[in-house]
Amino acid sequence: MSAPNKSYDPVEVSALQPEELDRARDEALAAIASAADLDALKRARLAHAGDRSPLALANREIGALPPQARAEAGKRIGAARGAVGQALKARQAELEEERDQRVLVEEAVDVTLPWERGARGARHPLTTIRERMADVFVSMGFEVSEGPEVEAEWFNFDALNFKPDHPARTMQDTFFVGSEDTGLVLRTHTSPLQIRSLLTKPLPVYVVAPGRTYRTDELDATHSPVFHQLEGLVVDEGITMADLRGGIDAFVNGMFGEGLTTRMRPSYFPFTEPSAEVDMRCFVCRGASAEPGGEPCRTCSSEGWIELGGCGMVNPRVLVACGIDPDRYSGWAFGLGIDRTLMFRHGAEDMHDMMEGDVRFTLPFGMEI
Ligand code: FA5
């Protein structure tokens with residue numbers, strides 16, 4: 001700002017000359033009127049009403065005028081700036097109104113349009129049944145345990161008392177990772193979790209281990225090279241076959257309904273002694289289809305029983321391999337196929353359906369989370 005100068009005539013200060021002021025005001029009004037949108041108006045505001053606009057600069061010159069000239073100059077500038085301010089306000093309101101109208105039209109939502117046109121995903125029934133099965137064990141106080149799918153042969157076979165010449169240890173049955181010399185396999189069952197649990201957890205051990213398993217089986221209606229098993233393991237003091245029976249019965253009742261009995265048939269597994277195959281009463285016909293004159297049952301093929309899996313008392317050799325005193329501790333183990341369980345529980349007839357990911361198979365299972 002210039003210093004006050006008593007000899008100044010306001011009209012001689014060029015910025016304050018009436019025609020200059022009128023021109024600045026008219027230019028401002030024209031720019032405001034022609035601003036087509038709020039952005040353009042912002043630019044016009046900056047150029048014609050901002051700190052560096054001609055009218056603002058002229059306003060600053062008032063201070064340099066002699067006192068007697070200031071009032072008159074101030075009045076003229078005030079009038080010009082007032083007119084510009086009014087015009088800005090009015091145009092702002094107009095443009096905002098226009099914008100609001102446009103938004104209402106452009107961003108309108110048609111609430112009558114159908115929604116949820118994209119299909120919603122759901123978890124695979126194998127996943128949900130696996131969790132449900134493990135939950136039954138969890139409700140009995142078991143802990144869920146997981147292990148690697150690429151497993152050391154020692155965990156998959158040796159520690160489980162498979163002899164070196166056991167047929168399961170050949171490429172005909174087992175996927176080796178690399179050559180047979182690597183000592184690494186894709187686990188053929190969830191039983192290595194018995195060893196991993198016994199080596200890492202303090203006794204007593206109550207674990208359930210669901211997981212993916214691999215065998216060199218051809219894919220057919222009841223086999224897949226990739227399938228799922230669930231393992232149950234108990235090692236504690238004073239565990240007997242009665243506990244094995246009770247544990248499996250409790251699982252069957254929790255999973256398939258109350259009042260279903262089980263039966264055991266002698267079998268062999270290197271890691272359990274004695275070993276058994278366990279069957280459960282058919283949860284559909286409850287054995288009636290096997291009675292003379294009974295209605296045929298698709299679920300159990302009219303056998304009255306459904307094969308569930310393998311089980312037995314933990315072989316003392318396994319306990320020793322894990323550094324556990326077999327004179328003090330004993331245990332039971334149980335393993336079943338999850339895919340086969342899904343098949344008989346839901347009447348799925350072909351293993352392919354479980355592998356192919358066709359939603360026509362999975363949709364009827366709904367949105368189980
Ligand atoms: C075992 O794998 C034992 N580890 C089970 C066990 C655990 C016994 C603990 C004793 C104590 P097995 O080979 O029978 O057992 O397999 C168990 C289940 O896996 C079978 O009953 C079947 O339901 C399922 N299964 C086996 N091979 C396949 C396959 N290729 N496709 C789908 N399911 C399979």
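Predicted model: local features only at pLDDT ≥ 70, side-chain atom pairs only at ≥ 80, totals over all residues.
1. Which residue forms a salt bridge with Arg76? The partner is Glu72, and the closest N and O atoms of the two are 3.1 Å apart, where a salt bridge is a side-chain nitrogen of Lys or Arg within 4 Å of a carboxyl oxygen of Asp or Glu. Both Arg76 and Glu72 belong to helix 4 (residues 67-106), in which they are four residues apart, about one turn of the helix. Helices (H or I, at least four residues) and strands (E, at least two) are DSSP runs, numbered from the N terminus.

2. Residues are numbered from 1 along each chain as its sequence is written, and side-chain values use heavy atoms, with hydrogens and water left out.

3. The chain is divided into domain 1 (14-106) and domain 2 (125-365), with bounds that come from an automatic or database domain assignment. Between the C-alpha centres of domain 1 and domain 2 there is a separation of 85 Å.

4. Over the whole structure, a search finds 19 salt bridges. One of them joins Glu149 and Arg212 at 3.5 Å, N to O, and this pair links distant parts of the chain, since Glu149 is in the loop between strand 1 (143-144) and strand 2 (150-152) and Arg212 is in strand 4 (residues 205-214), 63 residues apart. Glu149 is partly exposed, with a relative accessible area of 26%, and Arg212 is also counted as partly exposed, at 35%; buried means under 20% relative accessible area, exposed over 50%, and partly exposed in between (1.4 Å probe, protein chains only).

5. Another salt bridge is formed by the side chains of Arg169 and Asp158, at 3.0 Å from N to O. Arg169 and Asp158 both lie in the loop between helix 6 and strand 3, eleven residues apart. Arg169 is buried, because its relative accessible area is 9%, whereas Asp158, at 34%, is partly exposed. Elsewhere, salt bridges that share partners join Arg263, Arg265, Asp279 and Glu307 into one network.

6. Strand 6 (residues 262-269) and strand 7 (residues 272-281) pair in the antiparallel sense over seven bridges, the rule being that two strands pair if DSSP finds at least two bridges between them. A hairpin of two residues joins strand 6 to strand 7, and Pro266 has Ala276 in strand 7 as its bridge partner.

7. The search of the whole structure also finds 14 aromatic pairs; rings of Phe, Tyr and Trp (its six-membered ring) pair if their centres lie within 6.5 Å, and planes under 30 degrees apart count as stacked, over 60 as edge-to-face and the rest as tilted. The ring centres of Phe142 and Tyr206 are 5.6 Å apart and their planes stand at 90°, so this pair is edge-to-face. Because Phe142 lies in the loop between helix 5 (125-139) and strand 1 while Tyr206 lies in strand 4, the pair ties together parts that are 64 residues apart in sequence. Phe142 counts as buried, at 8% relative accessibility, but Tyr206 counts as partly exposed, at 29%.

8. Phe283 and Phe344 form a tilted aromatic pair, with 6.2 Å centre to centre and 45° between the planes. Phe344 is buried, with a relative accessible area of 12%.
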